[in-house]
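Please look over the sequence and the model shown here.

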Amino acid sequence: SGNYVSPTFNYEPRLNKPPLSYWAVAASYRAFGVSLAAARLPIAIGALVILLTAFLIGRLVFSTDAGFIAAITLAAAPRMLLFSRRIIIDIYTTMFVGLALLFFALAEAERAPGRRRTWLLAMYAAIGLGVMTKGPVAIAIPALVFAGYLAASGRLRTIATLMLPAGALVIAAIVVPYYAALYAQEGW
């Protein structure tokens, strides 16, 4: 429709999902023309990012071999095959949540404070983009995983080192402009 604030699906308003997945398909249409291949390309790229993320987490936590096994196992999973070939936005949600987990793991492994901050800010950006894809579930899943990890490792008190106020600002900087524009266009 050309309206990037109020998405539509089959010419009907579709305001129950945030718009990032629609924007990705619209950008692909603009770059490659309107076609099934152009619609599926962003999903396929998202699936490849998920596989790369699985590899990097496996390599970081265990070994390069573990990373390959994680990526190959995930690539062969029936749902991954199905979702990466169809236009199902859960690929984007999984991609951004996976990236948030990767950036958290990189921050936890980092010794240099400046680089740790960079990984944490990247984590919050991934969470913000996840919210723009599926909503608050992109905050809840990583938060539960991080809290569980810190509790299991006896480091729950270190939650203060996760730059929560800065993270909230990063997420808000990504999410609030869209919802402000949506409110301006559609009202409450």
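At what angle do helix H1 (residues 20-32) and helix H2 (residues 36-61) pack, and how far apart are their axes? The angle is about 130°, and the axes of H1 and H2 lie 8 Å apart. This is a predicted model, in which local features need pLDDT of at least 70 and side-chain atom pairs count only at pLDDT 80 or more, while totals for chains, interfaces and linings use all residues. Residues are numbered from 1 along each chain as its sequence is written, and side-chain values use heavy atoms, with hydrogens and water left out.

**Overall make-up**

The protein contains eight helices and two strands, where helices (H or I, at least four residues) and strands (E, at least two) are DSSP runs numbered from the N terminus. Along the sequence their pattern is β-β-α-α-α-α-α-α-α-α. Taken along the principal axes, the C-alpha atoms fill a box of roughly 50 × 40 × 25 Å. Of the 188 residues, 35% are buried, meaning under 20% relative accessible area with a 1.4 Å probe and protein chains only. Among contacts (heavy atoms within 4.5 Å) with a separation of 6 or more, 64% join residues 24 or more positions apart.

**Helix packing**

Two packed helices are described by the angle between their axes and the distance between the axes. Axes here are lines fitted to C-alpha atoms, for helices over the stretch in contact, and angles run from 0 to 180 degrees between N-to-C directions.

| Helix pair | Angle | Axes |
|---|---|---|
| H1 and H2 | about 130° | 8 Å apart |
| H6 and H7 | roughly 140° | within 7 Å |

H1 and H2 are therefore oblique to each other, a class that holds the angles left over when those under 35 degrees count as roughly parallel, over 145 as roughly antiparallel and 65 to 115 as roughly perpendicular. Their contact is made by Ala-24, Val-25, Ser-28, Tyr-29 and Phe-32 of H1 together with Ala-38, Ala-39, Leu-41 and Pro-42 of H2.

Helix H6 (residues 113-134) and helix H7 (residues 137-152) cross at roughly 140°, which makes H6 oblique to H7. On the H6 side the contact involves Met-123, Ile-127, Gly-130, Val-131 and Lys-134, and on the H7 side Val-137, Ala-138, Ile-139, Pro-142 and Phe-146.

**A residue in helix H5**

Thr-93 is placed in helix H5 (residues 90-109) and counts as buried because its relative accessibility is 10%. Leaving aside neighbours within four places in sequence, Thr-93 is in contact with Thr-133, Lys-134 and Val-137.

How values were computed. Buried means under 20% relative accessible area, exposed over 50%, partly exposed in between (1.4 Å probe, protein chains only).
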